[in-house]
Structures are given as structure tokens and as C-alpha cells.
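Here's a quick briefing to read with the model open in your viewer. Take a look at the structure first, then go through the points below.

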Amino acid sequence: MIPAAFSYHRPKSVQEAVALLAELGENGRALAGGHSLIPMMKLRLASPGNLVDLAGIDELKGVRVDGNDIVIGAMTTQHELIVSNLLADKIPLIRETSLQIADPQVRYLGTVGGNVANGDPGNDMPAVMLCLGASYSVTGKSGERRIAAREFYQGAYLTALETGEVLTTVHIPAPAAGHGWAYEKLKRKVGDYATAAAAVMLTMKGGRVENCSIGLTNVADTPLWAQEAAKILTGSALDVVTIKKAVAAAEVITSPASDARGPAQYRTKMAGVMLARALEHAKSRTGG
Amino acid sequence: MARSQIELKVNGKSVEALVEPRTLLIHFLREQLNLTGPHIGCETSHCGACTVDLDGKSVKSCTIFAVQADGADIRTIEGIANADGTLHAIQEGFREMHGLQCGFCTPGMITRAYRLLQENKNPSEEEIRFGIAGNLCRCTGYQNIVKAIQFAAAKLNGVPFQEAAE
């Protein structure tokens with residue numbers, strides 16, 4: 001499996017990358033970790049004439065605190081997310097999710113930026129970013145803009161990112177201390193995309209849900225932010241009846257494809273099961 | 001298409017080469033450097049037979065272009081043995097514990113285990129299984145591969161290897 005020929009570019013700065021991509025237009029693609037794009041190129045489902053490798057741009061790496069936000073550079077790998085003490089401390093949901101992505105070799109190279117910018121409904125980070133209320137900084141020829149993750153995904157492989165733009169950083173508002181979190185993913189085997197998965201963030205006060213946010217992976221053309229389900233749960237003690245209602249509200253917004261991972265109906269039900277498990281798991285982690 | 005000049009280190013030796021940008025690292029290693037230890041198994045980023053160590057990371061060399069490895073320090077199975085030619089503890093473990101049958105996955109398994117043991121000197125069985133989840137073996141059922149890595153960890157740590165009771 002040999003990809004079609006292309007020219008390779010390795011810019012040293014975001015400015016240089018953006019200028020190149022603007023010049024190349026539809027004939028250029030940004031290369032991050034390459035673990036979605038290179039397999040597509042080998043299958044000749046993608047054959048960009050030019051690859052603009054972002055690996056040489058130091059400013060796109062690393063995790064830092066900026067005011068109330070945690071900022072993650074787009075070229076930070078899943079492995080680097082997993083070993084980041086800052087993330088383990090402030091947003092353990094990220095580590096929990098990264099550990100369920102693909103396998104060790106893929107996690108050494110696969111990046112958070114590639115994962116969120118690709119627009120593949122099978123990617124895990126997008127639903128997590130909806131759940132966390134993240135936003136993305138993107139830079140194009142005409143400058144920088146910020147897009148809320150909840151407004152970024154428009155369809156399968158269709159995002160608010162325009163040709164020539166590079167996603168540079170992911171900004172996540174620091175979650176409240178003592179919050180509970182969980183990412184529950186059903187997959188057939190290591191390396192598989194989710195049959196269905198659910199991300200949950202919640203805070204409890206006096207035994208009742210104070211705040212709750214839910215993201216769902218791979219059960220529609222885009223990641224889903226299950227607002228109605230979260231609304232139902234808010235103020236409740238996470239009792240069985242309320243959880244059932246919330247699960248039903250989450251299931252109703254799904255529209256998965258029937259594929260090798262199961263018929264649509266099954267995948268919808270599994271989204272509900274993952275959500276119920278994630279709620280329970282997240283609740284058990286609240287406090288402190 | 002214009003070729004790119006790359007310079008890298010492979011198994012401790014400096015290498016300079018011209019590559020087409022679309023040349024995958026596995027093809028470069030096998031066909032240009034004649035390092036046929038890393039195997040082409042699935043060619044779809046799943047099986048791990050092509051695993052090599054690159055700048056302290058285990059990578060599937062079928063899913064990275066050789067141009068991306070410009071400046072990198074790479075170790076393949078050919079570079080795992082000790083400098084005096086004796087087997088590395090992991091290689092010895094695979095021999096002693098029967099960690100292979102057909103042997104096709106073995107170069108990738110050993111190269112992956114090498115990095116795993118660099119990061120975690122004394123992994124639990126669960127950590128070993130999680131750590132080699134990107135390497136498929138269709139013969140052994142993994143049991144003896146896990147033992148081989150446990151054997152190697154014990155040897156590298158200078159403690160006697162105790163096989164878990166079955």
C-alpha cells in the first residue's frame with residue numbers, strides 16, 4: 001500500500017505553515033500525528049499533492065495554564081496527555097479518554113489537534129471537548145479566531161475549520177475542584193472506534209447534581225452534546241428513575257449508522273448503557 | 001517528485017539517504033537499509049509487526065513516512081542485542097519462556113517490550129498486557145509473551161524470575 005506521490009513541507013512556525021497552506025489551497029493538507037491521514041493516503045482515499053508537516057513547530061506542543069483555562073497545544077500527543085501531571089490533576093477526564101484511544105504505538109504519535117480537527121465521528125476527543133466546554137484557536141491567512149467545540153462539528157469530516165486554517169490550541173475552562181468524571185467506551189477490541197461512548201463531568205452539592213455535562217461519541221455524524229439529558233439530571237440525586245429519563249433523552253438524539261459495530265438500534269442502546277455507567281462512575285469520584 | 005535528503009541514526013549508525021516523500025519508514029528500513037527484522041504484517045497500523053523505537057517512542061513504521069524521521073534516532077530489532085553480541089534480556093526471555101511460535105510478530109513484540117521496560121522497570125502482568133496491546137500474535141495466546149517480558153524485567157532488575165503459579 002503505497003500512497004500517491006506528494007511534496008513534503010516542514011515549516012518551523014505557525015505563520016510559515018499558514019502561508020504555505022494558503023498558497024497550496026485544496027492541494028495542501030496539514031499533517032499532525034498522521035494516524036488518520038496516512039492510513040487514508042495508503043488506501044488512496046486521500047491523495048493530497050502536498051503535506052505540510054506540523055511536527056517541526058515547537059509552539060504547538062505542550063500543556064499549560066492560562067488564567068482559568070488549561071491550554072493544550074495541537075501537536076501534543078495522546079501519550080503526552082497521559083503522562084501530564086497537570087492534566088491528571090486538573091482534568092483527569094482527558095487522561096482517562098486518551099488511555100482508551102487506539103494502542104500504545106498510535107498514542108505516541110497521534111495528537112489531540114488531529115483528533116479534534118479531523119471531524120471523524122469515531123474520534124473520542126471531540127465529544128470530550130463538547131462535554132468540557134472547550135474551544136479551539138485556529139489560525140489562517142487572515143488571522144486567528146476562536147471556535148467553541150460545541151459549534152465546530154457540522155457533519156462527518158465537516159467542521160468549521162476552513163481551507164488553509166490550522167487548529168493551534170485547545171482551551172479548556174478548568175473544571176471545579178471535587179468534580180466527578182468518566183469516559184465509558186464500548187469497543188470490540190483494542191484499536192477499534194467506539195460502538196458507543198459517553199463522557200460525563202459533574203459536580204454534586206448536598207447529594208444533588210449541581211452541574212452536569214454529557215458528550216456522546218460515534219452515535220451520529222458528529223459528536224453529540226446531550227444538553228437535555230444533563231438538564232434532567234441537574235438537581236436530582238442521580239436516582240434510578242431520573243437516570244432512566246436522562247438515558248432516554250440521550251438515546252433520542254442519537255442517529256448511528258448500522259455497520260460492523262452493530263445495528264443502529266443496538267448502538268443507540270449502548271450509548272444509553274455507557275451514559276448510565278459513566279454517570280455512576282463520575283458520581284463515585286465526586287467530592288474531595 | 002523530488003526526493004528529500006534525510007539524515008538519521010539507525011541502530012547507532014549515522015545514515016544519509018535520498019527518499020521519495022511517500023516512502024513509508026518500513027519500506028525505507030527494509031528495502032534501502034536491508035533491515036528486514038521489522039516485518040510488514042497488516043500494513044494498516046494494527047498488528048505492530050513493523051514496530052521500531054524512534055526517539056524513545058514505539059512507533060508502527062508502516063504509518064510514518066521516512067521523511068518524517070529526518071533527524072531521528074531509530075532502533076530496530078537488529079539493534080537490540082547487547083554490544084558484545086549476546087542476547088538482550090528480552091530476547092533471552094522470549095527464548096527461555098517460549099514467547100514465540102512462528103516468530104513473525106517477535107521483532108515488533110521485542111522492540112515494543114524494550115520501550116515498555118524503559119518506561120516501567122517492573123510492570124505488573126496487567127501493565128504488560130496493556131503495554132503490548134498494539135502488537136498482535138496469532139500463535140501463542142500471549143501467555144508466554146507476558147512471561148518472557150516478566151523474565152526480562154526480573155533479569156534487568158537483577159532479581160530471580162518467579163513464574164506465577166497457574
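In chain B, helix 3 passes helix 5 of chain B in a right-handed crossing. Keep in mind that this is a predicted model.

**Helix pair in chain B**
- Two packed helices are described by the angle between their axes and the distance between the axes.
- For helix 3 (residues 106–119) and helix 5 (residues 143–157) of chain B, the angle is about 45° and the axes are 11 Å apart.
- On the helix 3 side, B:Met109, B:Ala113 and B:Leu117 do the touching, and they meet B:Ile145, B:Ile149, B:Ala152, B:Ala153 and B:Leu156 in helix 5 of chain B.
- Sorted by class, this helix contact has eight nonpolar residues, with no polar and no charged ones.

**Where chain A meets chain B**
- Chain A puts 21 residues into the contact, and chain B puts in 23 residues.
- On the chain A side, the elements giving two or more residues are strand 1 (7–9), helix 2 (37–42) and helix 6 (104–109).
- Helix 6 of chain A supplies the largest share of that side, with five residues.
- The class count for the side of chain A that touches chain B is 14 nonpolar, five polar and two charged residues.

**A:Asp124**
- You'll find A:Asp124 in the loop between helix 7 (112–117) and helix 8 (125–132) of chain A.
- A:Asp124 counts as buried because 27 other C-beta atoms lie within 10 Å, and the cut-off is 20 or more.
- Leaving out residues up to four places away in sequence, A:Asp124 touches A:Thr97, A:Gln100, A:Ile101, A:Lys185, A:Ala194, A:Ala197 and A:Thr217.
- A:Ala198 is 74 residues from A:Asp124 in sequence, with a C-alpha to C-alpha distance of 9.3 Å.

**B:Glu31**
- B:Glu31 sits in helix 1 (residues 25–32) of chain B.
- B:Glu31 is exposed, since it has 11 other C-beta atoms within 10 Å and the cut-off is 12 or fewer.
- B:Glu31 and B:Asp73 are 42 residues apart in sequence and 19 Å apart in space, C-alpha to C-alpha.

Key: Residues are numbered from 1 along each chain as its sequence is written. Chains are lettered from A and ligands numbered from 1 in the order in which they are written. This is a predicted model: local features need pLDDT of at least 70, side-chain atom pairs count only at pLDDT 80 or more; totals for chains, interfaces and linings use all residues. Helices (H or I, at least four residues) and strands (E, at least two) are DSSP runs, numbered from the N terminus. Two residues are in contact if their C-beta atoms, placed from the backbone, lie within 7 Å. Ala, Val, Leu, Ile, Met, Phe, Trp, Tyr, Cys and Pro count as nonpolar, Asp, Glu, Lys and Arg as charged, and the others, Gly among them, as polar. Axes are lines fitted to C-alpha atoms, for helices over the stretch in contact, and angles run from 0 to 180 degrees between N-to-C directions. A crossing is left-handed if the near helix is turned anticlockwise from the far one by less than a right angle, and right-handed if clockwise.
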